[in-house]
Amino acid sequence: MPAARLRLAAVALVVVAVAVPVVFGLLNGTTGALVGLAFSGLLAAVVACSYLLLQRVNRRFDRLERRIARARRRPAAKQAPAAAKPQLPKGLVTQAHLRKERDRVAKRVQDITNLFEMVPIRAGIPPLGLWTASADLLVELVDRFVETRPATVVEGGSGVSTVVLALAAREHGIESRIVALEHDPDWAETTRRLLARHGVAEYAEVRDAPLGPTSLPDHHTPWYDESALADLSEVGLVLVDGPPEGTGPRARYPMVPLLLDRLARRCTILVDDTARPGDADVVDRWRPLLPDFEFASLHLDKGAAVLTRT
């Protein structure tokens with residue numbers, strides 16, 4: 001209600017309050033005048049309360065109208081943004097994290113179970129998947145070894161994979177020559193002791209092959225001593241898991257170009273650690289050298305690729 005109307009109503013009520021006692025006095029003398037004054041006093045109290053109440057209502061309406069006007073003038077772009085997604089504290093474990101970890105552990109348990117079913121591991125081996133080959137890679141390696149029964153196997157690096165291949169050769173009666181190239185003399189000796197502990201020393205050979213320059217004109221990172229390849233032929237299975245990444249750029253590249261003329265007609269090349277960009281790049285650089293090979297990625301713990309020619 002506008003303020004002017006409130007003031008007009010107040011004036012009218014004041015006039016009524018003064019006129020009533022006069023009218024009552026004219027009609028009934030002194031008694032009428034007193035009754036009129038009492039009525040006027042009551043009416044004045046009611047009018048005062050009503051006036052105050054209407055003033056408060058009027059102020060509220062004014063504030064509401066101003067808010068509506070401001071909201072209409074405000075650009076749509078300046079409206080309050082949607083509530084941001086709450087940020088979880090660092091280190092908080094969620095149900096999604098727990099489900100992912102559960103699935104990862106279940107997969108590794110299954111891989112290790114499969115591996116121990118495929119080969120009779122009856123002595124200690126280093127922990128799988130840390131700085132050694134992961135269990136899923138070893139399952140893939142043994143599976144392809146048993147399926148293809150290659151005449152010669154070459155490994156870049158030695159360790160648990162060498163022991164597993166030797167155990168599979170004995171278990172499945174595969175007459176295969178298994179040769180692991182190792183640049184570290186101490187680790188080479190450790191692998192030989194592992195082979196002896198498992199009773200398969202005669203099934204695999206660990207060759208000392210120190211890192212040095214290669215004959216490849218466009219490759220400058222050291223690789224295994226090429227003389228370690230001199231007597232190899234009919235290589236039907238290759239495991240590329242060395243030299244270590246810290247050796248230099250594309251450290252594992254020379255394996256294919258230096259073995260190219262020694263590969264068997266039916267051949268499988270298994271490459272570990274392709275989750276690392278450097279090793280994935282090495283596989284891509286091999287493609288022009290191996291036009292008759294099929295390339296495939298394997299979803300293993302550390303990433304892997306397999307190149308096959310059948």
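Is Trp223 buried or exposed? In this predicted model, Trp223 has a relative accessible area of 0%. Because buried means under 20% relative accessible area, Trp223 counts as buried.

Trp223 lies in strand β5, which spans residues 223–224. Leaving aside residues up to four places away in sequence, Trp223 touches Leu181, Pro210, Leu211, Gly212, Thr214, Leu229, Gly242, Pro243, Ala251, Pro254, Met255 and Leu258. Its C-alpha atom is separated by 7.5 Å from that of Arg252, a residue 29 residues apart from Trp223 along the chain.

**The chain overall**

The chain has 310 residues, and 38% of them are buried. Its secondary structure consists of seven helices and nine strands. Of the contacts with a separation of 6 or more, 70% are between residues 24 or more positions apart. The accessible surface is about 18500 Å², and carbon and sulfur atoms contribute 58% of that area.

**Helix packing**

Two packed helices are described by the angle between their axes and the distance between the axes. The table gives these values for two pairs.

| Helix pair | Angle | Axis distance |
|---|---|---|
| α2 (residues 95–118) and α3 | roughly 35° | within 8 Å |
| α3 (residues 135–148) and α4 (residues 160–172) | about 35° | 10 Å |

The crossing of α2 and α3 is left-handed. On the α2 side the contact is made by Lys107, Asp111, Ile112, Asn114, Leu115 and Met118, and on the α3 side by Ala135, Asp136, Leu138, Val139, Val142 and Asp143. These residues comprise seven nonpolar, one polar and four charged.

The crossing of α3 and α4 is right-handed. Here α3 contributes Leu138, Leu141, Val142, Phe145 and Val146, while α4 contributes Val160, Ser161, Val164, Leu165, Ala168, Ala169 and His172. The residues in the contact of α3 with α4 are 10 nonpolar and two polar, with no charged residue. Leu138 and Val142 of α3 take part in the contact with α2 and also in the contact with α4.

**Helix α7**

Helix α7 covers residues 277–286, and its buried residues are Asp279, Val282, Val283 and Trp286. These residues sit on the same side of α7 because they cover an arc of only 95° around the axis. The elements they pack against are β6 (235–240), α6 (255–259), β7 (263–272), β8 (294–298) and β9 (304–309).

Notes. Residues numbered from 1 in each chain as written. Predicted model: local features only at pLDDT ≥ 70, side-chain atom pairs only at ≥ 80, totals over all residues. Heavy atoms only, no water. Helix = DSSP H or I, 4+ residues; strand = E, 2+ residues; numbered from the N terminus. Buried < 20%, exposed > 50% of the residue type's maximum accessible area, 1.4 Å probe, protein only. Contact = heavy atoms within 4.5 Å. Areas by Shrake-Rupley, 256 points an atom, 1.4 Å probe, with all protein chains shown as cover. Axes fitted to C-alpha atoms, helices over the stretch in contact; angles between N-to-C directions. Left-handed = near helix turned anticlockwise from the far one by under 90°. Nonpolar A, V, L, I, M, F, W, Y, C, P; charged D, E, K, R; others polar. Arc of directions from axis to C-beta.
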